Amino acid sequence: MTSSARPFLNRRLAEFGTTIFAEMSALAARTGAINLGQGFPDTDGPEEVREAAVRALRDGRGNQYPPGPGVPELRAAITAHQRHWYGLEYDPDTEVLVTAGATEAIAAALLALVEPGDEVVALEPYYDSYAACVAMAGGTRVPVTLRPHEGAFRLDLDELRDAVTDRTRVLLINTPHNPTGTVLTREELGAIAGLAVERDLLVVTDEVYEHLVYDGAEHLPLASFPGMRERTVTIGSAGKTFSFTGWKVGWITAAPALVTAVRSAKQYLTYVSAGPFQYAVAEALALPDSYFTGFRDDLRAKRDLLAAGLADAGFGVFRPAGTYFVTTDIRPLGFDDGFAFCRALPARAGVVAIPNAVFYDHREQGAPFVRFAFCKRTAVLEDAVGRLTALAPRPGAG
C-alpha cells in the first residue's frame with residue numbers, strides 16, 4: 001500500500017504543476033474571452049499540405065509505424081530546406097531525426113546530453129518545457145536573463161560568459177526568442193559560438209520561429225558559425241511554419257554522434273509519431289519561397305495591428321523582431337502583477353493573455369510583463385483590440 005505521507009510526484013518535478021497555457025485556455029473557454037494566450041493559429045495552413053496528408057492516409061503511407069528516424073521523404077526534405085535557406089549540408093540518413101514536435105526534440109536532446117548535476121545555461125525568460133526537461137534530466141538550470149533595453153529585450157554577453165562554469169554542459173539557445181520576440185544578431189551569435197568552442201560546450205538551439213523574422217532581422221542558425229557544426233543540435237518544427245500545430249512534427253539536425261545520442265532517448269519517449277503527416281510536411285518544406293515570405297508578411301501585418309492596439313490601450317509595448325508574440329508592460333496601466341492581471345483580464349476586457357512571470361526562475365523579474373499572441377485571424381485581432389480599449393486610461397482620470 002502506498003504511504004499517504006509520501007508525495008506521488010517525484011522531487012524533480014515537484015515545482016511543476018498544470019501549465020499556465022492550460023489554465024488560461026480553460027479560462028478563455030469558460031468566459032468566452034478571445035484567447036490571445038496560447039500560441040496556436042485559429043486557421044489551418046496551406047490547403048495543398050492538408051491534402052497531402054489526406055492523400056498519404058488514403059494511400060496507406062504512414063498508417064503503421066514509420067521508420068524510427070522519420071520517413072525518408074521528410075528527412076530528405078529537411079536537409080534540402082537547411083541547404084536552401086542556410087547553406088548547411090546534412091546527411092538525411094545519419095544527421096536528421098524526426099520527433100513528436102519540437103517539445104519532444106527538446107526533451108530527448110536534454111535527456112540524452114545532460115548528466116545529473118550538469119548545468120544547462122538557458123536564456124530567460126524561457127518556454128516552460130525547458131525547465132521541466134532540464135529537471136527530468138537531473139540537470140541544474142542556470143538562467144541568463146534577457147533584459148529590457150530601448151524597447152526590446154537584449155542579451156548581456158558578459159553575463160552569459162560569467163554563467164558558464166566547469167559544470168556547464170549545454171547552452172540552450174532560443175532564437176527567434178519566445179516570449180520576448182528577440183532575434184539574436186550575428187555579433188551575439190558569433191560570441192555565443194566562440195564561448196561554446198572555447199569552453200567545449202554542447203549547444204541545443206530552438207529555432208522553430210526561423211521563418212518569422214521582421215523589419216530586416218535575419219535568422220542565422222548557430223550551426224552555421226565556425227566550430228559549431230559538430231557541437232550543435234538544431235531544432236525545427238512544422239507547427240509554427242505551416243500552422244498545423246496539432247500534427248506535432250518536429251526534427252533535429254546535428255552531427256551523426258549527436259543524432260545517435262538524441263535518438264537513444266527519443267526512442268523510449270514516443271518511438272515514432274505522425275506517420276501520414278510526415279509525408280505532408282515533406283511536401284510543405286518544398287513549397288516555393290513565396291509561401292514563406294507571404295506567411296512572414298501576413299504575420300508582420302498582424303503584429304503591427306496588435307502592437308498598435310495594445311499601445312493605444314495604454315500598455316508599454318515591446319515590438320518583437322520575430323515569433324508571433326508581443327510582450328507588454330502593464331505598469332503604465334497601474335498594475336505590476338501579471339498573474340492577477342491576466343486572471344482578471346477576461347472579465348475586464350474579454351481577452352486572455354499569459355503572464356510572462358511563468359517563464360522566469362525568479363518570477364519577480366517577469367512580474368510586470370504580459371504576452372499576447374497575434375497568430376490569429378485579422379478580424380479576431382481587431383475584435384480583441386476593440387475590447388482592450390476598455391483598459392485605456394480616461395482623460396482626466398486619477
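The accessible surface of the protein chain comes to about 16,700 Å². Carbon and sulfur atoms own 51% of that surface. Accessible areas come from the Shrake-Rupley method with a 1.4 Å probe, and for residues only the protein chains shown count as cover. The model is predicted: local features need pLDDT of at least 70, side-chain atom pairs count only at pLDDT 80 or more, and totals for chains, interfaces and linings use all residues. Residues are numbered from 1 along each chain as its sequence is written, and side-chain values use heavy atoms, with hydrogens and water left out.

Now the overall form. The C-alpha atoms of the protein chain fill a box of roughly 65 × 60 × 50 Å along the principal axes. The radius of gyration of the protein chain is 21 Å, which agrees with the value near 21 Å for a compact globule of 398 residues. This radius is taken over C-alpha atoms, and the globule rule is 2.2 Å times the number of residues to the power 0.38. Of the 398 residues, 55% count as buried. Buried means under 20% relative accessible area, exposed means over 50%, and partly exposed lies in between (1.4 Å probe, protein chains only).

Among contacts with a separation of 6 or more, 74% come from residues 24 or more positions apart. Contact means heavy atoms within 4.5 Å. The chain has 13 helices and 15 strands. Helices (H or I, at least four residues) and strands (E, at least two) are DSSP runs, numbered from the N terminus.

Start with helix H3, residues 72-86, which holds Thr79. Thr79 counts as buried because its relative accessibility is 4%. Leaving aside neighbours within four places in sequence, Thr79 is in contact with Leu88, Tyr90, Asp91, Pro92 and Val96.

Move on to helix H5. Seven of its nine residues are buried, so H5 is largely enclosed by the rest of the structure. The buried residues are Ser129, Tyr130, Ala131, Ala132, Cys133, Val134 and Ala135. Their cover includes helix H4 (101-113) and the strands S3 (119-124), S4 (140-145), S7 (168-174) and S8 (202-206). Met136 also belongs to H5, which spans residues 128-136. Met136 counts as partly exposed because its relative accessibility is 37%. Together with Leu111 and Leu269, Met136 makes a nonpolar surface patch of about 230 Å². Patches are made of residues with over 30% relative accessible area and no salt bridge; like charges are joined within 9 Å, and nonpolar side chains (Val, Leu, Ile, Met, Phe, Trp, Tyr) within 5 Å. A salt bridge is a side-chain nitrogen of Lys or Arg within 4 Å of a carboxyl oxygen of Asp or Glu. Just after H5, Gly138 takes a positive phi of about 80°.

Strand S7 is mostly covered, with six of its seven residues buried. Two strands pair if DSSP finds at least two bridges between them. S3 and S7 run parallel, joined by four bridges. Val120 stands opposite Val170 in S7. S7 and S8 also run parallel, with five bridges. Here Ile173 has Thr205 in S8 as its bridge partner.

Four strands form an open, antiparallel sheet in the order S11-S12-S15-S14. S11 (316-318) and S14 (354-355) stand at the edges, each with a single partner strand, so one side of each lacks a neighbour in the sheet. Three bridges join S11 to S12, residues 325-329, and the two run antiparallel. Gly316 stands opposite Asp329 in S12.
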